[in-house]
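My notes follow in the order in which I looked things up.

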Amino acid sequence: MRKIILLDWLYLGLQLLILLFLFTHDWISFGSLNDVEAVKQVKTTRELIIQTILNGAPFAPAFFFCSVYVGKAYPLLVKIFLNIYFPVLLIGAIWAWWIPYFFGTTPEKVQQYQWMFGKTHAFLPEMNGITPNTLHLVFHLALLFVTVITIYFSLKRRKNKKIVYK
């Protein structure tokens, strides 16, 4: 049996959470955590499909590779992909949510965020007309942890040795 540590399970669990978020949060209602109807009034079905594919499709192979190599050293190309993809996705989340939250954005963007997310659950105070909702906050934290764990595994990962099965 592979020696899979708790951090491996956390890594895969967080990735599964992110993958499910990326493919479902604009399509399936999670009660007060999202407002699917409001999103559909701002974005066309075509835009939502494209957004879902562009955000979720690259994450599926990332999750697949991490699942296949759990408990082992990743091949170089997988390491490169993971160390580029996860930080880029995190930077995208920061750019889309946290830069406008802390530093402001256009009135049109504020109005769009208020329309799509204004009725969703949030516990952070409003700043610059924006309040990151709880669902996106959980997604962003999971993505941050996945990115940090990816970097950690890349720097201090098991050597490519034969896996001992017990």
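I began with the largest pocket, which holds about 450 Å³ of space. I took a pocket as an open set of points on a 1 Å grid over the protein atoms alone, with protein on both sides within 12 Å along at least five of seven lines; lining residues have an atom within 4 Å of a point. The volume is the space filled by probe spheres set on the points, which are joined across faces, edges and corners. Of its 23 lining residues, Gln51, Asn55, Ala96, Trp97 and His136 are the closest to the centre. H1, helix H3 (45-56), H5, H6 and H7 each give two or more residues to this lining. Helices here are DSSP runs of H or I, at least four residues, numbered from the N terminus. I sorted the lining into 13 nonpolar, seven polar and three charged residues. For this count Ala, Val, Leu, Ile, Met, Phe, Trp, Tyr, Cys and Pro are nonpolar, Asp, Glu, Lys and Arg are charged, and the others, Gly among them, are polar.

Basis. The model is predicted: local features need pLDDT of at least 70 and side-chain atom pairs pLDDT 80 or more, while totals for chains, interfaces and linings use all residues. Residues are numbered from 1 along each chain as its sequence is written, and side-chain values use heavy atoms, with hydrogens and water left out.

Cores. I next looked up the largest nonpolar core, which has 27 residues; Tyr11, Ile18, Phe59, Leu82 and Phe86 touch the most other members. Helix H1 (6-24), helix H4 (59-68), helix H5 (76-103) and helix H7 (134-155) each supply at least two of its residues. A core is a set of buried Ala, Val, Leu, Ile, Met, Phe, Trp, Tyr and Cys residues joined through side-chain atoms within 4.5 Å. Buried means under 20% relative accessible area, exposed over 50%, partly exposed in between (1.4 Å probe, protein chains only). Another core, of 11 residues, lies apart from it and includes Trp97 and Met116.

Thr120. I found Thr120 in the loop between H6 and H7. Thr120 counts as buried, at 9% relative accessibility.

Asn128. I noted a positive phi of about 55° at Asn128, which is not a glycine. Asn128 lies in the loop between helix H6 (107-117) and H7 and is partly exposed, at 40% relative accessible area.

Definitions and conventions. On a 1 Å grid over the protein atoms alone, a cavity is a set of points where a 1.4 Å probe fits but cannot get out, and a pocket is an open set with protein on both sides within 12 Å along at least five of seven lines; lining residues have an atom within 4 Å of a point.
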